[in-house]
Amino acid sequence: MTASFMDLVDVTIVNVAIPSIQESTGASFSAVQWVTGGYALAFAIGLITGGRLGDVYGRRRLFLIGIAGFTIASGLCGLAGGPETLVAMRILQGATAALMVPQVLSIVHATFPAEERGKVFGLFGAVVGLGAVSGPLIGALLTEWNVFGLGWRPIFLINLPVGIAGLLLGRVFIGESKAERALRLDPVGVLLASAGLLMLIYPLTHGREAGWPLWGHLTMAGSVPVFALFVAYERVKTRRDGSPLVELSLFRVKSFAAGIGVQLTFGVVTGIFFLVWTLYMQLGLGWSPLKAGATGIPFSFAVSTAAGLSVQQLVPRFGRKVLQAGALVMAVGVLVYLAEAHRYGTGITPWQMLLPLVVMGAGMGLIVAPITDAVLADVPREHAGSASGLINTVNQVGLALGLGLVSVAFFGAVPAGTAAGEPFVGAFQQALWWVFGVLAVVFLLMFALPARRGGAVVAGGGGSAGGDDPAGGGSAGGDAGADGAAAVVRAAADAGRERVPA
């Protein structure tokens, strides 16, 4: 729980301090995107492999390596002298998080009997909820207080004592566990997937500042054959030893394939909105980090309330319609926000943002808690672990893609050389139209999800992602429902929004 809290708060803290980081380091807008997007991309690429490493070499060992690396990377982020170093250390932070995070729920699953896991996941939800409220406020306070004249740096340095405590506690209290039938690693698959994602996202992020050169278009087009080669290799790997990075047979399940599309597009929504929202408030409206951070608190509570209502009462009665209603409600919130931003311009107040933020938060809450269960409903139980891990990864990929699209959706409307002011307000409104459009795609994709609760895997319950064997499916991160909720929560934070206690 110490490690989870550190991870959850850390990624929430970052976004509220981005304008301060930009001012202090002279970072370009593309570098700003990579401060958040680099973490998400590294986390996505390493997530499944990180869990599989724990299965093979021991979850306790990989957890301790991950938390030590995360702590060291946090310290290096706080000491970074320029934007390039900060981006590199954020990528390292994401990579080490990919070693640490999958082990958390796998260790819980291997340590506690089924009848006790509900209590543990309840505690996990409480930690997530605490991160939802405290992360943005801690980041805002540390930035505003300018502790020891360090500016934004304490938002990373605060991880040092927490990480050291987690490392020491982990060595004493966590028992070692491994998978009895661990899958093999797939380094070639990781390499191909990483190359394809970088070829797609890097030109998107840097294209605007480079004047959209020809090499960028060629690189993005070249990602298509790389992904095709990845698929072909995964088929070969499946026939050879049955240990592919991605279980391609899952995509024959209609609801799962559509659910992956939902996760990808919903990740794009979060990637676009929550970064441009912070830039809009601080650079466009001139608000302080504390004011911007506090403005998002009602959103967090709305998500939390709607998520609990969704899982406990609505989804069991209405099934898929609840998720579709969530997409529609969130889209309505976006339209209300557009109207408010247009009407009040730079004079808008937090109170005038309250209605659209609560509506958007309620819509998101209806989606984030039950989505994993809906996607996994028709997946065979023996593949639930692989499916859960793939859901988590795709959500992170969508987030990174959304952050890359900020160059087009937001910065494309900001005149060159503009550092702050009213152009950011107009750019925010343009970005909201992008968010609205992607939410429409999310809504349509949801028609392919099961109409009713499938019951194969119960979100947040005691159902194992890998069957009754604590090791089975550990590479996907343990309990499918809790892991899926955690993935959405983490995606939210990586996008810079407040933590969602799903």
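A: Let us begin with pockets, where a pocket is an open set of grid points with protein on both sides within 12 Å along at least five of seven lines. Rolling a probe the size of a water molecule over the atoms shows where empty space is left. Please keep in mind throughout that this is a predicted model.

Q: What is the volume of the largest pocket, and which residues are closest to its centre?
A: The volume of the largest pocket is about 600 Å³. It is lined by 23 residues, and those closest to its centre are Leu197, Phe227, Phe230, Val394 and Val397. Two or more lining residues come from each of the elements α3 (29–57), α9 (187–206), α10 (214–241), α11 (254–284) and α17 (384–409).

Q: Which element gives the most to this lining, and how do the lining residues divide into nonpolar, polar and charged?
A: Helix α9 gives the most, with 6 residues, and the lining as a whole consists of 21 nonpolar residues and 2 polar ones, with no charged residue.

Q: How long is α9 from its first C-alpha to its last, and which of its residues are buried?
A: To judge a helix, one can compare its end-to-end reach with the span expected at 1.5 Å a residue; α9, with 20 residues, reaches 28 Å, close to the 28 Å expected. Its buried residues include Gly189, Leu192, Leu197, Ile201 and Pro203.

Q: Is threonine 393 buried or exposed, and what does it touch?
A: A residue counts as buried when its relative accessible area is under 20%, and threonine 393, at 13%, is therefore buried. Threonine 393 belongs to helix α17, and, leaving aside residues up to four places away in sequence, it touches Ala44, Leu47 and Ile48.

Q: How much of the whole protein is buried, and where is the largest nonpolar core?
A: The protein has 19 helices and 0 strands, and 60% of its 502 residues count as buried. The largest nonpolar core has 105 residues, and those with the most contacts inside it are Phe256, Trp277, Tyr280, Tyr337, Met353 and Phe410. Helix α11 gives the most to this core, with 16 residues. Apart from this core lies another, of 15 residues, among them Phe63 and Phe70. As for tyrosine 280, its contacts beyond four places in sequence include Leu285, Tyr337, Met353 and Phe428.

Q: Why is helix α2 described as largely enclosed by the rest of the structure?
A: Helix α2 (residues 18–25) is largely enclosed because 6 of its 8 residues are buried, and these are Ile18, Pro19, Ser20, Ile21, Gln22 and Thr25. After α2 comes glycine 26, which has a positive phi, near 70°.

Q: Which residues other than glycine have a positive phi?
A: Most residues other than glycine have a negative phi. Asparagine 146 is one with a positive phi, of about 55°, and tryptophan 212 is another, with phi near 50°. Asparagine 146 lies in the loop between α6 (114–145) and α7 (154–157), whereas tryptophan 212 is found in the loop between α9 and α10. Asparagine 146 counts as partly exposed, at 36% relative accessibility, and tryptophan 212 also counts as partly exposed, at 34%.

Note on methods
Residues are numbered from 1 along each chain as its sequence is written. This is a predicted model: local features need pLDDT of at least 70, side-chain atom pairs count only at pLDDT 80 or more; totals for chains, interfaces and linings use all residues. Side-chain values use heavy atoms; hydrogens and water are left out. On a 1 Å grid over the protein atoms alone, a cavity is a set of points where a 1.4 Å probe fits but cannot get out, and a pocket is an open set with protein on both sides within 12 Å along at least five of seven lines; lining residues have an atom within 4 Å of a point. Grid points are joined across faces, edges and corners, and a volume is the space filled by probe spheres set on the points. Helices (H or I, at least four residues) and strands (E, at least two) are DSSP runs, numbered from the N terminus. Ala, Val, Leu, Ile, Met, Phe, Trp, Tyr, Cys and Pro count as nonpolar, Asp, Glu, Lys and Arg as charged, and the others, Gly among them, as polar. Buried means under 20% relative accessible area, exposed over 50%, partly exposed in between (1.4 Å probe, protein chains only). Contact means heavy atoms within 4.5 Å. The expected span of a helix is 1.5 Å times one less than its number of residues. A nonpolar core is a set of buried Ala, Val, Leu, Ile, Met, Phe, Trp, Tyr and Cys residues joined through side-chain atoms within 4.5 Å.
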